[in-house]
Amino acid sequence: MSHDPALRLPAHPPQSRPLDRVDTRERRSAPRAPGELPQDLALVCLSHLRWDFVFQRPQHLMTRWARRHPVLYVEEPVAAELPSWRVVEREEGVRVAIPQLPQGTDAGTRAVLLDALLRSEGMTSYALWYYTPMALPFSRHLKPEVVIYDCMDELSAFAFAPPELRGLEDELFRRADVVFTGGVSLYEAKRDLHANVHAVPSSIDAAHFGLARALRDDPPDQVDIPGPRLGFFGVLDERLDIALLDAVACLRPDWSFVMIGPVVKIDPARLPRRPNLHYLGARPYTALPRYLAGWDVALLPFARNDATRHISPTKTPEYLAAGRRVVSTSIRDVVRPYGEKGLVEIADTPEAFEAACARALAAGEDETTAWLAEVDALLARTSWDRTFGFVRHQVTEARAARRAASARTATRRPVALGGPPACTTT
């Protein structure tokens, strides 16, 4: 899945609250044009991704929703002896609900608990936003005003995917009013499954990552790593081409490879170990520009397998906004448009990857200036605010269409077949 960037947010102390004591929060007022979503329309997001794990697509979109609407972000459960909810409010304005459930809790019980949570939050009018079809068994009974499926990854292709996921996704496509995909290749795979599908590649906070172009002070854990430095940030999981990383590090012992991010779903012992490979672990999203500023080249060493066939790495525009040259394997949504425009070097074998990195390191000042101009021209056409605006517009349109369809259904009158009923006398 697109865990981009794979860096932890600052930790927040969890707070356990009984359901009857969870307060709703008054939203900040904002002007609303005719036909827009009402401010009291809440958004309930059902996700397989922990809010505090990485700051990525869901966090970018949900924090923007929270500026106008109440947002409840419901995570997957954690084990507990008795069922309860842990609800915390983040400074971004999103309320995060973590179900604490005994092992083996069935979908019916989870549905009852979800109903209780929504009542306690005062959410009687809401949009329902899915990141995972696995939430359907305990949420299909809900009566939202609009249903959104943000299909950010081909989850069925990931390691340890539940066998029932494909069937549940088919059902979610039937229930959804609007579907977004995390990239163009995923859109191409899903566009025939629904009448209202939109390709929404993950976007860029260019100002944040652009800080790397001016920063000069290295983080303490990077300052002693010798240059040249070639870096990667992201989740280290089955999508990482471990063999490629090892081979390139072996080919160039004079280069330092900086790997930032948590290890997920693979045994950490599988990661190659060499003197020039440096695993720094997860780092805050806010700290990324400082690390990027100290890299000479940024890497996308993804394996080419089922898990990466439809990924659209958010890291690509983030690396570019930082002013870093990028070398990637031939991931479809990196090749289009970045590779085709010459903004990213594409290589798959260790020898080709090493040669591409060498070219990036050798780029002269004039060449880099021209390259940066092309980068900035491309990135100027997108931003998370613009992406959110498009998404919100599509949700508004989908809600209006659903309400119109419901109104038409409500005004229909049954028509008797076979003529009027016979007259009767008494």
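Analyst: The sheet and its surroundings

Proline P337 lies in helix α9. The model is a predicted one, and in it the peptide bond that joins R336 to P337 is cis, with omega at about 5°. Most peptide bonds are trans. Helix α9 covers residues 332-339, and a loop lies between strand β14 and this helix. That loop leads back to the sheet.

The sheet is open and has six strands, in the order β12-β11-β10-β13-β14-β15, with parallel pairing. At its edges stand β12 (277-281) and β15 (345-346); each has a single partner strand, so one side of each is left without a neighbour in the sheet. On the sheet packs helix α6, residues 242-251, which touches β11 (256-260) and β12. The direction of α6 makes about 150° with that of β11.

Strands of a sheet pair through backbone hydrogen bonds, either parallel or antiparallel. For β13 (residues 297-300) and β14 (residues 325-328), the pairing is in the parallel sense and runs over four bridges.

Which residues of β14 lie on each side of the strand? R325 and V327 are on one side, while V326 and S328 are on the other. In a regular strand the side chains alternate between the two faces of the sheet. In β14 both faces are covered, and these four residues are all buried.

Is I331 buried or exposed? Its relative accessibility is 2%; residues under 20% count as buried, so I331 is buried. Beyond its neighbours within four places in sequence, I331 is in contact with F302, A303, T308, I311 and P313. From I331 to D348 there are 17 residues in sequence, and their C-alpha atoms are 9.6 Å apart in space.

One runs between α5 (206-210) and β10 (229-233), and P228 lies in it. Here too the peptide bond is cis: omega is near -5° for the bond from G227 to P228. The other loop, between β11 and β12, holds K265. Most residues other than glycine have a negative phi. K265 is not a glycine, yet its phi is positive, at about 65°. With a relative accessible area of 29%, K265 is partly exposed.

Elsewhere in the chain, helix α2 shows another setting. Residues 107-120 form α2, and this helix of 14 residues reaches 20 Å from its first C-alpha to its last, close to the 20 Å expected at 1.5 Å a residue. At its start, a side-chain oxygen of D106 comes to within 3.2 Å of the backbone nitrogen of G108. Just after α2, G122 has a positive phi of about 70°.

The buried residues of α2 are R110, A111, L113, L114, A116, L117, L118 and S120. An α-helix has 3.6 residues a turn, so residues three or four places apart point the same way. The cover over the buried residues of α2 includes β1 (42-46), β2 (71-74), β4 (84-89), β5 (95-101) and β6 (126-130).

A loop between α3 (165-175) and β8 (178-181) holds A176. A176 counts as buried, with a relative accessibility of 7%. Not counting residues up to four places away in sequence, A176 touches V147, Y149 and H194. A176 and Y130 are 46 residues apart along the chain, and 9.1 Å separates their C-alpha atoms.

The chain as a whole gives these parts their setting. It contains twelve helices and 15 strands. Of its 426 residues, 52% are buried. Among contacts with a separation of 6 or more, 72% join residues 24 or more positions apart. The chain exposes about 19,200 Å², and carbon and sulfur atoms supply 53% of that area.

Definitions and conventions:
Residues numbered from 1 in each chain as written. Predicted model: local features only at pLDDT ≥ 70, side-chain atom pairs only at ≥ 80, totals over all residues. Heavy atoms only, no water. Pairing = 2+ DSSP bridges. Helix = DSSP H or I, 4+ residues; strand = E, 2+ residues; numbered from the N terminus. Contact = heavy atoms within 4.5 Å. Axes fitted to C-alpha atoms, helices over the stretch in contact; angles between N-to-C directions. Buried < 20%, exposed > 50% of the residue type's maximum accessible area, 1.4 Å probe, protein only. Expected span 1.5 Å × (residues − 1). Polar contact = N/O pair within 3.5 Å; in protein donor to acceptor, adjacent residues only side chain to side chain. Areas by Shrake-Rupley, 256 points an atom, 1.4 Å probe, with all protein chains shown as cover.
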